[in-house]
Amino acid sequence: MPTTSAEPRPTVMVRPRSASYGLVAAAVVLTTTLTGCGDDEDPDPPRPPEAPAQELPEPAVEPLADGPAAPVAELADREWVTRTAEVVGIPERALIAYAGATAALIAERPDCGLGWNTLAGIGEVETGHGTHGGSRIGSDGRTEPEIVGPALDGGEGVMEIPDTDGGELDGDDRWDRAVGPMQFIPTTWEEWSRDGTGDGAPDVHHIDDAALTAAAYLCGQGEDMTTDEGWNAAINAYNRSVPYAVDVAEHADRYAADAESAEAEQDEAEQEEG
């Protein structure tokens with residue numbers, strides 16, 4: 001569960017972007033559709049996107065099959081992270097987590113095929129990589145102010161999920177809310193939370209824990225994410241909305257293209273120097 005302190009932490013409330021889908025990742029595990037996005041209301045519903053190419057990070061250490069060989073933040077090569085973050089426009093501390101979580105799952109679930117760019121696409125759509133409402137991910141990996149989504153009270157653009165944890169995770173003892181940089185609801189976090197820092201206390205507001213949990217959740221759907229069917233099935237489990245999947249895919253495609261272009265230029269420069 002999230003870390004706590006004697007003094008209340010500031011929070012920023014995430015507001016839904018549209019009636020099609022709000023920033024409420026993983027809440028769909030409890031419902032079949034989001035309010036206002038049923039296919040019967042749209043004569044020309046969007047089609048599921050093609051799976052983006054799944055990009056793998058350059059590892060700093062080899063992860064073990066039974067768990068990370070080191071904390072998530074130490075799994076991806078730091079020079080690669082710095083270079084890639086600058087090119088693709090992702091905050092470096094967020095990319096450290098996305099890449100490290102991917103590296104951890106490569107050994108744990110080699111059949112999953114998850115790339116860092118898919119995690120980054122989700123992180124962008126959910127909270128702008130932890131920057132929504134003026135928040136930011138600190139060098140320690142924690143998001144401040146903490147990001148808390150709207151009450152899932154059945155209002156416009158959100159589903160109805162009465163409180164499930166007495167407000168322990170989201171501070172609301174009437175309705176559940178999605179929480180953290182990757183926007184988990186309490187029941188999903190309770191079932192899937194992972195410790196990406198090695199401190200023994202998964203924290204939904206810590207990007208390493210949240211990214212590793214998201215990776216485990218996506219791969220836990222049992223699909224090959226390098227295929228169109230498998231990728232869409234996993235993203236659909238995270239948020240049951242085709243427009244959401246399209247948005248994530250567009251970001252993931254752009255990150256992959258920018259990263260590949262930069263790597264090609266890097267290789268060319270090294271060959272010329274050699």
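A residue counts as buried when its relative accessible area is under 20%, as exposed when that area is over 50%, and as partly exposed in between (1.4 Å probe, protein chains only). The model is predicted, so to speak of a local feature takes a pLDDT of at least 70, side-chain atom pairs count only at pLDDT 80 or more, and totals for chains, interfaces and linings use all residues. Residues are numbered from 1 along each chain as its sequence is written, and side-chain values use heavy atoms, with hydrogens and water left out.

Start with the overall layout. The chain holds seven helices and four strands, where helices (H or I, at least four residues) and strands (E, at least two) are DSSP runs numbered from the N terminus. Read from the N terminus, the order is β-α-α-α-β-β-β-α-α-α-α. Of the 274 residues, 50% count as buried. The chain exposes about 12000 Å², and carbon and sulfur atoms supply 46% of that; these areas come from the Shrake-Rupley method with a 1.4 Å probe, and for residues only the protein chains shown count as cover. Contact here means heavy atoms within 4.5 Å. Take the contacts between residues at least 6 apart in sequence: 67% of them join residues at least 24 apart.

Next comes the inside. A nonpolar core is a set of buried Ala, Val, Leu, Ile, Met, Phe, Trp, Tyr and Cys residues joined through side-chain atoms within 4.5 Å. The largest one has 56 residues, and Ile90, Tyr98, Trp116, Leu218 and Tyr238 have the most contacts inside it. Two or more residues each come from α1 (78–88), α2 (92–108), α3 (116–127), α5 (207–219), α6 (228–238) and α7 (242–273), with α2 giving the largest share, ten residues. A second, separate core has six residues, including Met159, Ile161, Ala178 and Ile185.

α3 and α5 pack at an angle of about 115 degrees with their axes 11 Å apart; axes are lines fitted to C-alpha atoms, for helices over the stretch in contact, and angles run from 0 to 180 degrees between N-to-C directions. That makes α3 roughly perpendicular to α5, a label for angles of 65 to 115 degrees (under 35 is roughly parallel, over 145 roughly antiparallel, the rest oblique). On the α3 side, Thr118, Leu119 and Ile122 make the contact, and on the α5 side Ala211, Ala214, Ala215 and Leu218.

A few loop residues deserve a look too. Most residues other than glycine have a negative phi, and most peptide bonds are trans. His129, in the loop between α3 and β2 (136–137), has a positive phi of about 60 degrees although it is not a glycine, and is buried at a relative accessible area of 3%. Gln183 lies in the loop between β4 and α4; not a glycine either, Gln183 has a positive phi of about 55 degrees and is buried, with a relative accessible area of 0%. Gly167 sits in the loop between β4 (146–148) and α4 (186–192) and counts as buried at 12% relative accessibility. Finally, a cis peptide bond joins Glu144 and Pro145, with omega about -15 degrees, and Pro145 falls in the loop between β3 (143–144) and β4.
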